[in-house]
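Subject: Structure handover

Hello,

Here is the structure I promised to pass on. Please open it alongside this email; my notes follow below.

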Amino acid sequence: MAEKAEIAVKPLSKSRYLLGLRCHKLLWLDEHEPDPSPPNDEALFRMNEGTAVGERARAAMGPGVLIKSPDFAREQKLAETQRALDARAALIYEATFSAGDAVVRTDILRRTDDGFDLIEVKSSTSVKAEQLAEVAMQLWVLRAAGLSVPRAFVMHLNSECRYPDLSNLFVTEDVTADVEPLLADVPRELAAQRAMLAGPVPEIPFGPYCKRPEKCARFGECWGALPEHHVHTLYRIQWKSVEKNLAAGRETIDQMDEGMTTMPPAKRQIRSVRARERIIEDGLGAALDTLRAPVAWLDFETVGLAVPAWPGCAPFTQVPVQFSVHWTGRSDNRTRAYLATAGGDPRPALAAELVRACEGAETIVAYYASFERGCIEQLAEAVPEHAAALRRINERLVDLLPIVRDHVYDLAFHGSFSLKKVLPALVPSLSYDDLEVKEGGSAMALLAQLLLDPERIGGDDAVEKLRCDLHAYCERDTLAMVRLAEALRAMS
């Protein structure tokens with residue numbers, strides 16, 4: 001009988017190693033059943049942001065040798081790296097090393113008297129646990145490849161930096177003491193991942209790693225098989241409580257009792273699931289009565305850049321660049337909208353337009369209003385001539401989200417009170433499906449391109465179409481609040 005051929009497995013890069021650390025099944029799927037869909041606008045935006053941060057970091061470090069061979073030419077990158085080492089380059093950028101069926105591309109190598117410092121560049125404002133694991137894997141590979149690397153650093157964005165002075169854009173933290181204890185586990189984990197990849201898809205239990213540090217890209221493939229109203233969908237349930245319920249044989253929310261949670265929305269959810277019906281509390285009408293007419297329904301779209309580009313902004317400051325205001329409760333109900341144009345700080349013109357758009361409103365309503373409140377306060381600080389008027393807007397700002405959360409539960413919410421969960425359940429006639437831009441992450445990515453790099457969009461017609469698409473998305477958010485409030489009033 002012929003022997004079964006071994007499955008060829010690609011060397012483990014640092015990004016794939018991290019996938020495996022998070023979940024072996026996630027790495028297996030990436031290897032054997034990769035997602036064929038191209039990255040969306042938000043993912044492309046984040047990748048471009050990472051590239052920009054890397055370029056800034058190299059500029060901050062100074063002249064060095066950049067390994068330019070493409071990623072797919074691994075042997076070529078290894079040879080180019082060796083030439084830079086032989087030439088005793090003081091700084092080497094994107095050097096590549098291989099050891100133990102693993103290959104890593106390092107961000108920065110800095111030559112020292114006793115070898116090299118490994119410097120990992122990150123588009124975050126602090127050091128994260130997963131970054132330490134990534135540095136440990138690189139450090140192990142470099143040492144296994146014969147390089148002396150006594151120290152490791154993470155070079156991350158500085159939350160104290162303010163544009164236009166980007167001289168302190170980065171903070172470099174010595175993480176050697178945090179990383180050294182992790183090194184012993186690296187070869188064992190590499191071997192475990194290699195063995196796993198050569199076999200069938202592993203069975204991995206559900207866990208908190210499915211949603212943290214962000215929701216897994218393959219989440220639906222695993223969790224889609226769970227029964228509807230699984231206990232993990234209970235409003236704000238902690239994972240230890242999920243495990244406790246599963247251990248007790250309670251897999252779905254209808255097997256739970258209201259006394260098992262202290263949060264009223266979760267109690268309401270349990271009651272709704274057990275009764276298989278929508279729950280509406282008596283106080284809904286009174287809560288809606290607090291929205292005194294005329295009402296301006298407000299929504300912002302923002303751009304948060306890793307490398308700030310507008311005065312006074314820090315990394316990832318959410319700068320409002322677009323708004324929509326729907327009016328109700330007066331004879332000339334209308335929609336007011338504004339979208340910034342490329343060039344200069346977008347906030348002064350937006351602040352002036354916002355003050356005019358909300359003038360005369362008794363109540364101003366947003367969904368998850370703490371976000372809008374923060375945007376308005378930022379505008380007040382950035383545009384002091386409108387500060388008083390802007391803060392009067394905040395004084396009239398009311399949040400629609402808690403009115404829903406504290407009075408209504410529908411089975412289709414599945415434990416979430418986000419607008420995109422609540423709207424289809426309570427206003428099924430209105431959705432985002434007919435729009436070109438359908439969600440906030442894509443809107444932010446496209447807004448950044450529109451304001452900072454419009455040449456990439458195309459000619460004037462392409463720019464105007466994108467502006468129309470973005471207007472339609474933002475205006476849908478405010479129309480959604482208006483229709484949602486009408487539906488709530490009808491059921492109160």
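Start with Asp117 and Arg151, whose side chains form a salt bridge with N and O 2.9 Å apart. This is a predicted model. Asp117 belongs to strand E6 (residues 115–122) and Arg151 to strand E7 (residues 151–157), so the bridge ties together parts 34 residues apart in sequence. Asp117 counts as buried, at 4% relative accessibility. Arg151 is partly exposed, at 24%.

The whole structure holds 33 salt bridges. Two others are worth a look.

Glu180 pairs with Arg143, and their closest N and O atoms are 2.9 Å apart. Glu180 sits in the loop between helix H6 (176–179) and helix H7 (185–197), while Arg143 is in helix H5, so this pair links parts 37 residues apart in sequence. Glu180 is partly exposed, with a relative accessible area of 32%. Arg143 is partly exposed too, at 31% relative accessibility.

Arg476 meets Asp434 at 2.8 Å, N to O. Arg476 lies in helix H18 and Asp434 in the loop between helix H16 (419–426) and helix H17 (440–452), so parts 42 residues apart in sequence are tied together. Arg476 is buried, at 14% relative accessibility. Asp434 is exposed, with a relative accessible area of 57%. There is also a network: Lys14, Glu120, Lys122 and Glu134 are joined by salt bridges that share partners.

Next, helix H5. H5 covers residues 129–144, 16 residues in total. From first C-alpha to last it reaches 23 Å, close to the expected 22 Å. Its buried residues include Leu132, Glu134, Val135, Val141 and Leu142. After H5 comes Gly146, with a positive phi near 100°.

Now the cores. The largest nonpolar core has 100 residues. Leu354, Tyr367, Leu400, Leu484 and Leu488 touch the most other members. Helix H18 (residues 460–491) gives the largest share of this core, twelve residues. Leaving aside neighbours within four places in sequence, Leu484 is in contact with Tyr367, Leu400, Val404, Leu419, Val422, Leu426 and Val427. Another core, of 36 residues, lies apart from the largest one. Its members include Ile67, Phe116, Val135 and Val141.

Last, Thr363. Thr363 is in strand E13 (residues 363–366). Is Thr363 buried or exposed? Thr363 counts as buried because its relative accessibility is 2%, under the 20% cut-off. Its side chain reaches the backbone oxygen of Arg292 at 2.7 Å. Beyond four places in sequence, Thr363 touches residues including Thr290, Leu291, Pro294, Arg396 and Val398.

Best wishes

Technical notes. Residues numbered from 1 in each chain as written. Predicted model: local features only at pLDDT ≥ 70, side-chain atom pairs only at ≥ 80, totals over all residues. Heavy atoms only, no water. Core = buried A, V, L, I, M, F, W, Y, C linked by side-chain atoms within 4.5 Å. Buried < 20%, exposed > 50% of the residue type's maximum accessible area, 1.4 Å probe, protein only. Helix = DSSP H or I, 4+ residues; strand = E, 2+ residues; numbered from the N terminus. Contact = heavy atoms within 4.5 Å. Polar contact = N/O pair within 3.5 Å; in protein donor to acceptor, adjacent residues only side chain to side chain. Expected span 1.5 Å × (residues − 1). Salt bridge = Lys/Arg side-chain N within 4 Å of Asp/Glu carboxyl O.
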